[in-house]
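Work through the exercises below with the sequence and the model at hand. Each task is followed by a solution in steps.

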Amino acid sequence: MDASLLTTLGLLDCVVFRRISAEKFEVMHKAGNWLDELLPETVDVKVFCFEQNSAYLQDFLVDAENLWRANKDGRIESGLWSEQLSTQLVRLEASAVVSDNQGYLIVNKLDAKYRQKQQTLQIARELLLSTDRISAQHDYLHARLEELLSQPDRAPTAQQPIAQALAQADLGVAILDADLHLLNSNPALCSLFDDTHVEISLPPDKLLLELFRTQYPECERVFSTASSWTGEIYWLNPPRQGKWLKLSIHPIKNDAQRVQNWLLSVSDVTQVKYLLKRNEKLTHFDALTDLPNRQYFWQQLESKIQQNLPFYLLYINIKQFKRINELHGHLVGDEVIKDLSKRLNAITHADDMIAKIGGTEFAVIMELNHLHTQISSQDQVQCVKFAEELINASCLPFYLSSGQKCKIGLNVGAAAFPTDTNSAEELMKYADLAAYSAKKKAVSSIAFYSKELVDASRKRIEMEDALRDAINNQEFELFLQPMLDLTSGKIIKAEALIRWHHPNGNLISPDEFIPLAEQTGLIIPIGKWVIKEACAILQRLSARGEEIKLSINLSPRQVSDRQLFEFIKNSVNNAQVNPQQLELELTEGVLIDNYDKVHYLLDKVRKLGMSVSIDDFGTGYSSLAYLQKLPIDRLKIDKSFVKELNENSQDSDGTIILAIIAMAHSLKLEVIAEGVETTLQKDFLKQNNCNIAQGFLFSRPVPYDDFCNLLGRQKD
Ligand code: C2E
Ligand code: CA
Ligand code: CA
């Protein structure tokens, strides 16, 4: 099409020059008055030489000349620049072209394009601001209501402060009970759905849940695992325009870690979505990271499925991201996500597709470059390798603009098409479930979807439910295992070891449920029960005139609980127990991972008179440095070393034990050996000055009454 026609139509405002030689140009097409002012050398002439009136253009001409000299068909562009003329500011872009052995220079006035670009930036800015503000509102409300609701004996229906918090909120809020029945909601919620044109068939809270269920495959998992969730849902209410709603779902748990309420908060983000729509790029791309967004990813996933070739869907979640937001604020959180997305994107192969599908979630469609119809074990190896690359990239520290640095980890879940399923929805659901199971591990890891995973997750949920009830139903019991002084041969202490009388009649060992209790946070109430019960046992023993010590086990999460010390202190006081009779057992791992917290805690408990021993010694870090620094009293040699002492043992088998005893004694620490099952073991330990022994040789862990009998027999 002729350039002048485009100009007339207002689509183009440009000039075209033909290159005659390195210096000379011919004016082929002239546009508005701006050219005369920018390049006066072109006024009223057909052929002209450039007179260095625009520094930017002059610079571009150097590159252009190279293109023209090469004389191969092609085109280069200068990028946007602006020039201040006497009456106006113009935005220009130049292109150098070679076509049919002829060089051309085109200068385009691009005010419209520039304005559009500025507008896009402005939209992006507004968007970021408004979503930031909305997120902050949701977070604030969650925190406030969580605080109010989690106070014991607070009925969510009648409380004055809760009603106030709800009435003042700009967001729509619904408080539901554990079974998702509405307890309380606010006027803002109703007004979101207030529409005189349509009759709403469901109350707002039910409608929200229904929209969530139909629009997000993660729904089931969110409720069954009591997780928080935030995302956008769409409410279509013809004949009116639909509404986009930002929905946050948040479980509120009681002390026993049981969900007692669900909190829904909603805000209308249609306006934000409208801003997005005004710019095509922004509707398909995440404003923060520039990666494809959930909507776009969904489309691509559907069309990928149409091709009917096997591929993996990876679901990537950032481990404990909430902590970064809490510690450093949302802006820093955004910075980390941006940086991370760059790293992940750089690793993702050109054929694959990575998208940001949620606040802290990414997804990847991983192509398998073969034409087989099913996934092979080779493919799985390839997928693991890719996931490891993603994880490794995320492990390097993030340096923040504030000068600080922080670290994150990833949970990666994978589901295979068509091996696991051939529906887009289920693929997302399965990959999400797999990522959730990867979350259980302390370190970054990948998990694949499998039927066993679903079974295991169901079994775990059942066990978790039963475990929750166990405290209230008094299903726990502390067994006591005696510890003997090896010189006197007398019982001087006992270790309290928990047992669970499951309603199905089985006695469950702690190895089976303590790890789950750790993961779910139930260890906090269980641990408190152990402390209280141990104090009660000490009280009963002392009433019988038995002044022996009792040691209890503390797990990592308990040690991080800020209220632990106060709780121990109060329990000891309430039971009127002499603190010197209580000993705490911690493993080496706990000491190292929480060094500062543990140091602080141990200092305080020892000031009260309690003693501290290190459990399973020799299996962990065993660093002399911390042994010297930490306030501890005893080491417990792990039973695996004791086990090596038997009739078949080599001379070398006892050397670790001897080394531990020598080291402990030089640090003025006592040594306990656990897992002593034979006389041979006992004799070896006694000969080598081990102080205390514990094991089946003397007694298994037994109920309180049996333990009293053991003590009684000793007296006789
Ligand atoms: P642990 O602290 O190392 O406890 C010693 C374990 O060794 C006990 O297993 C005990 O029954 C077993 N044992 C004792 N003597 C012998 C022996 O001669 N031979 C062999 N083979 N084993 C022996 P249990 O009671 O099943 O407890 C397992 C683990 O569960 C404990 O290991 C401890 O880490 C944890 N645990 C037990 N009770 C509690 C508790 O109240 N709180 C916490 N946080 N963890 C607990
Ligand atoms: Ca122990
Ligand atoms: Ca142990």
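**Exercise 1.** State how many residue pairs are in polar contact across the interface of domain 2 and domain 3, and which helices supply the domain 2 side.

Solution. Step 1: this is a predicted model, and across this interface 4 residue pairs are in polar contact, both residues of each pair having pLDDT 80 or more. Step 2: on the side of domain 2 that touches domain 3, helix H4 (111-149) and helix H8 (219-224) each supply at least two residues. Step 3: H4 gives the largest share of that side, 3 residues. Step 4: sorted by class, the domain 2 side holds 6 charged, 4 nonpolar and 2 polar residues.

**Exercise 2.** Describe the extent of the contact between domain 2 and domain 3, and its salt bridges.

Solution. Step 1: locate the two parts in the chain; domain 2 covers 121-275 and domain 3 covers 285-449. Step 2: their C-alpha centres are 27 Å apart. Step 5: the rule finds 3 salt bridges across the interface. Step 6: Arg221 also forms a salt bridge with Asp432, where the closest N and O atoms are 2.7 Å apart.

**Exercise 3.** Decide whether Ser227 is buried or exposed, and list its contacts.

Solution. Step 1: Ser227 sits in the loop between H8 and strand S10 (229-235). Step 2: its relative accessible area is 8%; buried means under 20%, so Ser227 is buried. Step 3: the side chains of Ser227 and Thr225 make a polar contact at 2.8 Å. Step 4: beyond its neighbours within four places in sequence, Ser227 is in contact with Arg221, Val222, Ile249, Pro251, Trp262 and Tyr436.

**Exercise 4.** Find the place of Thr619, classify its accessibility and name its contacts.

Solution. Step 1: the loop between strand S25 (611-617) and helix H23 (624-629) contains Thr619. Step 2: the relative accessibility is 48%, which lies between the 20% and 50% limits, so Thr619 counts as partly exposed. Step 3: a polar atom of the Thr619 side chain is 2.7 Å from the backbone oxygen of Asp616. Step 4: with neighbours within four places in sequence left aside, Thr619 is in contact with Glu588, Asp638, Ser640 and Phe641. Step 5: from C-alpha to C-alpha, Thr619 is 54 Å from Ala163, and the two are 456 residues apart in sequence.

Definitions and conventions: Residues numbered from 1 in each chain as written. Chains lettered and ligands numbered in written order. Predicted model: local features only at pLDDT ≥ 70, side-chain atom pairs only at ≥ 80, totals over all residues. Heavy atoms only, no water. Domains from an automatic or database assignment. Contact = heavy atoms within 4.5 Å. Salt bridge = Lys/Arg side-chain N within 4 Å of Asp/Glu carboxyl O. Polar contact = N/O pair within 3.5 Å; in protein donor to acceptor, adjacent residues only side chain to side chain. Helix = DSSP H or I, 4+ residues; strand = E, 2+ residues; numbered from the N terminus. Nonpolar A, V, L, I, M, F, W, Y, C, P; charged D, E, K, R; others polar. Buried < 20%, exposed > 50% of the residue type's maximum accessible area, 1.4 Å probe, protein only.
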